[in-house]
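Subject: Structure for your review

Dear colleague,

Please find below the structure that I am handing over to you. My findings follow it, and I would be grateful if you read them with the coordinates open.

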Amino acid sequence: ETQEAAKELQEKYSNIELIIKERPESLCASWTELALQSVGRFCWAMNDDVQFLTRGYDKKILDKAAEFKAANSVKDDILYCWVSDTSCDKPEGSKYASFPIISLEAVQLLGKLFEPRFVSLGGDAHIFRIYESVGRIVDCQEVLLDHFFHSTITAVLSPDRTAAEYREKCYRNPLDPLSFPIDEDVELLKKYIEEKNAN
């Protein structure tokens, strides 16, 4: 069904590229691979169980990014845009986007959209810490996504086969996103930001 829908989109929009591969061992590694092939200004990791609830979300995000850069005299494009979603299984008070929007400039500099050693769960919380450490979080939480396979406890407890397989991979490869090292990435970003904004 996905392949048929994608073909229809390709016929309608000439700039959509369809990439079909075996399911990757690491979703975070796969997202990075795709992001590094992209040509747009921003990369947005998105699952197939998401619906956009905010009209005009793209303009809102771009406007917020422009406002952030102007208010902070930012000359580079190292940005992390924090949108909100309906995931009920995130710890209360969590500071990260389940589906962050990260500038291609930042992805290319770090060589990753998410840390590929995270299979899937935790990659989003980990990458937030990096951009927060360099003060590059753009608050776009007015943009709301319905993460419908995570929006209720019943949905979370009834995963489809793909989600169940990735959860099992995460349990076999447990990484803590709140303590996983970020120093090397933070230093690389800081140095780049200082150089770009020195003039």
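Strand 3 (residues 80–85) and strand 5 run parallel and are joined by five bridges; strands are DSSP runs of E of at least two residues, helices are runs of H or I of at least four, and both are numbered from the N terminus. Two strands are taken to pair if DSSP finds at least two bridges between them. Within this pairing, Asp-85 stands opposite Leu-145 of strand 5.

Strand 5 (residues 137–147) is also joined to strand 2 (residues 50–52), in this case by three bridges and in antiparallel orientation. Here Gln-51 has Asp-146 as its bridge partner in strand 5.

Please note that this is a predicted model, in which local features need pLDDT of at least 70 and side-chain atom pairs count only at pLDDT 80 or more, while totals for chains, interfaces and linings use all residues. Residues are numbered from 1 along each chain as its sequence is written, and side-chain values use heavy atoms, with hydrogens and water left out.

As to the overall fold, the chain has eight helices and five strands, in the order α-α-β-β-α-β-β-α-α-β-α-α-α from the N terminus on. Its radius of gyration is 17 Å, close to the 16 Å that the globule rule gives for 199 residues, so the chain is as compact as a globular protein of that length. This radius is taken over C-alpha atoms, and the rule is 2.2 Å times the number of residues to the power 0.38. The C-alpha trace spans about 50 × 45 × 30 Å along its principal axes.

Of the 199 residues, 42% are buried, that is, under 20% relative accessible area with a 1.4 Å probe, counting protein chains only. Among contacts (heavy atoms within 4.5 Å) with a separation of 6 or more, 76% are between residues 24 or more positions apart.

One residue deserves a separate note. Asp-76 lies in the loop between helix 3 (57–71) and strand 3. Asp-76 is buried, with a relative accessible area of 1%. Apart from neighbours within four places in sequence, Asp-76 is in contact with Lys-69, Glu-105, Arg-136, Tyr-192, Ile-193, Lys-196 and Asn-197. By contrast, the C-alpha atoms of Asp-76 and Glu-92 are separated by 33 Å, with the two residues 16 apart along the chain.

With kind regards

Note on methods. Buried means under 20% relative accessible area, exposed over 50%, partly exposed in between (1.4 Å probe, protein chains only).
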